[in-house]
Amino acid sequence: MQNFLEIGNVSKSFGQTEVLRGLDLSVKEKEILVLLGPSGCGKTTLLRIIAGLIEPDGGSLTLEGKDLLSVPVEKREIGFVFQKYALFPHMNVEDNITFGLKLRKLDKNEIRERLDSVLDLVELKGYEKRMINELSGGQQQRVALARAIIIKPKLMLLDEPLSNLDAKLRASVRVNIVRILKKLGITAIMVTHDQIEAMTMGDRVVLMNEGKISQDGKPKEIYFNPRNLFVAEFLGTPRINVLPLKKEGTSFFLGSESVDGSLLSLWTKSDAEALPDGTYSLGVRPENIVRDSSGYKATVNLLEVSGADTNVHLTFLGSDYVMRTNSEGQELMPGDEIEVSFLPSSCFLFDKSGERI
């Protein structure tokens, strides 16, 4: 079965800076795909290449099996929601939303019919004559979304559409965006550097780094099964604990303390005894450190209460860790001595280059 959008070996440089390095990616019809990664990883550049705002240096781009690179921007049937919305301040809501349809010289009755439909969809009925500066940030975001939807795009592109909203509004708006896209069956690609947005909005997440794809998969898949150390560290709040591990013959050292090889195998689902001598990294997520009366002695250094969860900063095995635990009934204090261990099969082992073992 042919994918809806195919991106093949796309590269792009700005001067001496290589932004995209032969990137390959496919998108299925009606899928919401999120491009996630740090600033400068190439995600927005890729989005703009798809939109036709930037020409790639090489590679191919096809939409429904047809070459997209030869199609002018205005004929690509692509909706684009910009980070700063790019709304016209001298126009009211109605004129902003219908601007693209008027450029296409659609019939007035068709424009009115589409406008009524999209206003209902984004819950802006009654706001048609409001000027942009009379709207809240969330309402402006919905105007930008409506303007992109009203042209009935084959593909929707969203470039950090929630970055200008406060945290409370961001949570409700992201739910509305997903609801609208799913209701209309629109294929969408969204760019963000916010892992929560990516994990909650995407059917699939593509984590990018330095112009390449580090991992591509469903949100839970890349969180619970990271391919490399970059992926493991980028996803998760608080960040994953990463500790230096050393093997010398039959001995293992985590931080400055000796650990049992059979325990290491239990933690990581790997045959620790078969590892070559050398240095490694052990990754354990905060939620996979638990109190255990037969575990390692640990000292509580700091408590961060964040509502339902508490992040407990600990020192044990000669290293510092963060343990995430339920706040209810939490009575720990800095300086307390407790015993903890790692859940079986919950740790990740990485080689010197950061690749998962």
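Me: Which residue follows H1, and what is the value of its phi?
Reply: In this predicted model, helix H1 spans residues 43-51. The residue that follows H1 is glycine 52, and its phi is positive, near 95 degrees.

Me: Which residues of H2 and H4 make the contact?
Reply: The crossing of these two helices, H2 and H4, is right-handed. On the H4 side the contact is made by Val143, Ala146 and Arg147, and on the H2 side by Val93, Asn96 and Ile97.

Me: How do the residues of the contact of H2 with H4 divide by class?
Reply: Val93, Asn96 and Ile97 come from H2, while Val143, Ala146 and Arg147 come from H4. Sorted by class, the residues of this contact divide into 4 nonpolar, 1 polar and 1 charged.

Me: What is the orientation of H4 and H5 to each other?
Reply: Helix H4 also packs with helix H5 (residues 167-184), at an angle of about 15 degrees and with the axes 11 Å apart. The crossing of H4 and H5 is right-handed. With that angle under the 35 degrees of the cut-off, H4 and H5 are therefore roughly parallel.

Me: How many nonpolar, polar and charged residues does the contact of H4 with H5 have?
Reply: From H4, Gly137, Gly138, Gln141, Leu145 and Ile149 meet Leu169, Val173, Ile177, Ile180 and Leu184 of H5. By class, this contact of H4 with H5 has 7 nonpolar, 3 polar and no charged residues.

Me: Which residues does leucine 158 touch, not counting residues up to four places away in sequence?
Reply: Leaving aside residues up to four places away in sequence, leucine 158 touches Leu47, Val81, Leu145, Ile177, Leu181, Ala188, Ile189, Met190 and Val191.

Me: Is isoleucine 151 buried or exposed?
Reply: Isoleucine 151 lies in the loop between H4 and strand S7 (155-159), and beyond four places in sequence it touches Ile78, Gly79, Leu101, Arg104 and Arg114. Its relative accessibility is 17%, under the 20% that sets the limit, and so isoleucine 151 counts as buried.

Me: Which residues is asparagine 288 in contact with, leaving aside its neighbours within four places in sequence?
Reply: Asparagine 288 is found in the loop between strand S14 (278-284) and strand S15 (289-306), where a relative accessibility of 16% makes it count as buried. Apart from neighbours within four places in sequence, asparagine 288 is in contact with Ser341, Phe342, Leu343 and Ser346.

Me: What is the omega of the peptide bond that joins threonine 237 and proline 238?
Reply: Proline 238 is found in the loop between helix H8 (229-234) and strand S11 (241-248). The bond that joins threonine 237 to proline 238 is cis, with an omega of about -5 degrees.

Me: What is the phi of glutamate 64?
Reply: Glutamate 64 lies in the loop between strand S4 (58-63) and strand S5 (66-67), and with a relative accessible area of 39% it is partly exposed. Although glutamate 64 is not a glycine, its phi is positive, at about 55 degrees.

Me: Is lysine 105 buried or exposed?
Reply: The place of lysine 105 is in the loop between H2 and helix H3 (108-121), and, although not a glycine, lysine 105 has a positive phi of about 60 degrees. Its relative accessibility is 73%, over the 50% of the cut-off, so lysine 105 counts as exposed.

Methods
Residues numbered from 1 in each chain as written. Predicted model: local features only at pLDDT ≥ 70, side-chain atom pairs only at ≥ 80, totals over all residues. Heavy atoms only, no water. Left-handed = near helix turned anticlockwise from the far one by under 90°. Helix = DSSP H or I, 4+ residues; strand = E, 2+ residues; numbered from the N terminus. Contact = heavy atoms within 4.5 Å. Nonpolar A, V, L, I, M, F, W, Y, C, P; charged D, E, K, R; others polar. Buried < 20%, exposed > 50% of the residue type's maximum accessible area, 1.4 Å probe, protein only. Axes fitted to C-alpha atoms, helices over the stretch in contact; angles between N-to-C directions. Parallel < 35°, antiparallel > 145°, perpendicular 65-115°, else oblique.
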